[in-house]
Amino acid sequence: MQLVKMAWRNIWRNKVRSLAVMTAVFLGLVAGMYSASLVEGIMQSRFENFIENQISHIQLHHPDFIRDQEVFLTVGGNLDNLQKVREIPGVNKATIRTRVQCMIASASHTGGVELYGIRPNSENETTKFARHLIDGDYLEGESSNGILIGESLAEKLKVGVGSRIVLSYQDKNNDLVSGAFIVRGIFNSGYTRYDEMTAFVFQEYLNDYLGIGEDFHELAILANDINDLENIRAELHQQFPNSVVRTWNEIEPALEVMVTSSGLFSYIFIILIMIGLAFGLLNTMLMAVFERTREIGMLMAVGMSRTKVFILIVLETIFLSLSGAVIGLFSGYLLVAWFAKHGLDLSTFSDVMYELGVDSVIYPYLNTSFPFILAIIVVATALLSAIYPAIKALSLSPIEAIRK
Amino acid sequence: MPVIETNGLYKIYNEDTVPVYAVNNISIQFDPKEFTCVIGPSGSGKSTLLNLIGGLDTPSRGTVTVAGQRIETMSESERIRFRLEHIGFVFQHYNLIPVLTAYENAAFIMQLQARPEEEIRERVTGLLEQVGLGGRFNSRPSELSGGEQQRVAVVRALASKPDFILADEPTANLDTKAAFNLLDMMKQLNEDEGITFLFSTHDQRVIERAGRVVTLVDGALHSDERKS
Ligand SMILES: Nc1ncnc2c1ncn2[C@@H]1O[C@H](COP(=O)(O)OP(=O)(O)OP(=O)(O)O)[C@@H](O)[C@H]1O
Ligand SMILES: [Mg+2]
């Protein structure tokens, strides 16, 4: 107790210097927490967008389709199947697609695209695709020869809404078939490459051409809870014995790497801040020890043990860092919480954000344990920075110190 | 049995080049309750002798026995422990801890010894009042006069009832009146508490208050007079 009291009072002996250190710790932590939460928020947004707009949580295919993408590698089924899938506990949304590689041609250009035969309603429920439309309409009403193409592809083909284009593809017997489609709508998903290579038509219409009845190539599922995918997988296996079921991280291993590495990034950031803090503390405590050589010598002369002198210096270092840190962690937490509620509007950079696959309003995200982990890291840093000054203090000789 | 006993004590600096005999073959004993003053010209070895006896310094040769224990063979940590338990110190300056109050400073040694709070309060309060600092418990050292600071230092040294108190020129920074006051106070405590004092001084005026006067010249014992 005596030591705690002395240590606390000692840090106020040089108010300006101590306040400078505390302010630095405070600012470092606030900035560190804020940027870490921003990165985390961006990653979360990116992650969710990727799942919700693109790959969904779970996909199901014919076991060979992923490699070969042949038209005949379908999963058998009819519309009842989709209804049954929706009834699996934990499934939020589900949709089926037919996928085929084809040539697309207008009067002025020919290119290859991946054609998706979709069920417009369930597709939009699952991937909210309709929101990407920038011109024309989404596929609606009765099955017809309407097609949705990306903006960049439309530019290449020099077509607009209402234009006629011709698609050629192989049917399930590998016979080449062609069909005329009318551009219903033009979309921009934010990914130019994707927009250039992808087109959407009614599944029913496409399946007729391909001669595959009500079969499909892909089943995509959005789950209620990302941590509850294995049950759904098991159910799907029952329902579609001859198929392969993949979860989001199996579909996009890079996404999982991104998720884990964003956490890593936060810690690298924090470690850099801590290195700065450590040097600041080391320097301050060395000064404090050198200014007080006589006093520390006297303490040892009258019988204060080396252990206690060591603890005194360590306590001072911890108090010095923690008093800034506690306020910093608290303020940082409030700051992040405010932005997490109201969002950080970056619509000025919306083009860039769009390219990044991130919403233009970012909601910083902070793991609730993060401030506590930070506090522990600060104390650990303080302990490390205290060692050298404390050893210096112990090496002082009492007689040198008390000599006039 | 003497409280302090030295035998053939030497402290030699620069032994290989130009040796300085800071303490030159001193064998001396101090008995309980003695009130001894060490005098001698500047550089005669007073501080060195006191530091050796207090276990702050190690002799080049000879032995120091304090309260029946040989201290010159102890390790640094053992000596710190020994000082805490057996010896009270009053220095010329930098005696007190600036961030602690007069009371906290006076209680410091007893607290290091982990004595019960109640005992500390009683003892320290009583002593501070006895030396006329009753109203200054909460003053910081910077708010006290030099004489008051030295009194707090004496109380701190004394409160834990050590075997003896070492004071190297405790009055050097004080004016005549304060010096006399401090010496009177030490003498009083020496009688009341029966505690052994060993102090050094330059100051002719305070010498007459000592019960025994040891004179050093060039590190050697020159004279040793007891008053009766
Ligand atoms: N660390 C040292 N290295 C070399 N010589 C030293 C050292 N410390 C003390 N001395 C010498 O030892 C001798 C005794 O010094 P000491 O300080 O004990 O004298 P003193 O009687 O206390 O003097 P003063 O009255 O000035 O305090 C002096 O000649 C001094 O120069
Ligand atoms: Mg001296």
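**Ground rules.** I number residues from 1 along each chain as its sequence is written, letter chains from A and number ligands from 1 in the order in which they are written. In this predicted model local features need pLDDT of at least 70 and side-chain atom pairs pLDDT 80 or more, while totals for chains, interfaces and linings use all residues; side-chain values use heavy atoms, without hydrogens and water.

**Entry 1, the pocket.** I found 34 lining residues, each with an atom within 4 Å of a point. A:Phe50 and A:Tyr194 are among those nearest the centre. Helix α2(A) (helices are DSSP runs of H or I, at least four residues) gives the most to the lining, with 6 residues. Domains 1 and 2 of chain A (bounds from an automatic or database domain assignment) both give residues to the lining, so the pocket lies between them.

I then turned to ligand 1, which lies between chains A and B. I found 14 residues around it, each with a heavy atom within 4 Å. Helix α1 of chain B supplies 3 of them, the largest share. For polar contacts (N or O pairs within 3.5 Å), I noted a backbone N or O atom of B:Gly43 at 2.9 Å from a ligand oxygen.

Note on methods
On a 1 Å grid over the protein atoms alone, a cavity is a set of points where a 1.4 Å probe fits but cannot get out, and a pocket is an open set with protein on both sides within 12 Å along at least five of seven lines; lining residues have an atom within 4 Å of a point. Helices (H or I, at least four residues) and strands (E, at least two) are DSSP runs, numbered from the N terminus. A polar contact is a pair of N or O atoms within 3.5 Å; within protein, one must be able to donate a hydrogen and the other to accept it, and residues adjacent in sequence count only if both atoms are side-chain atoms.
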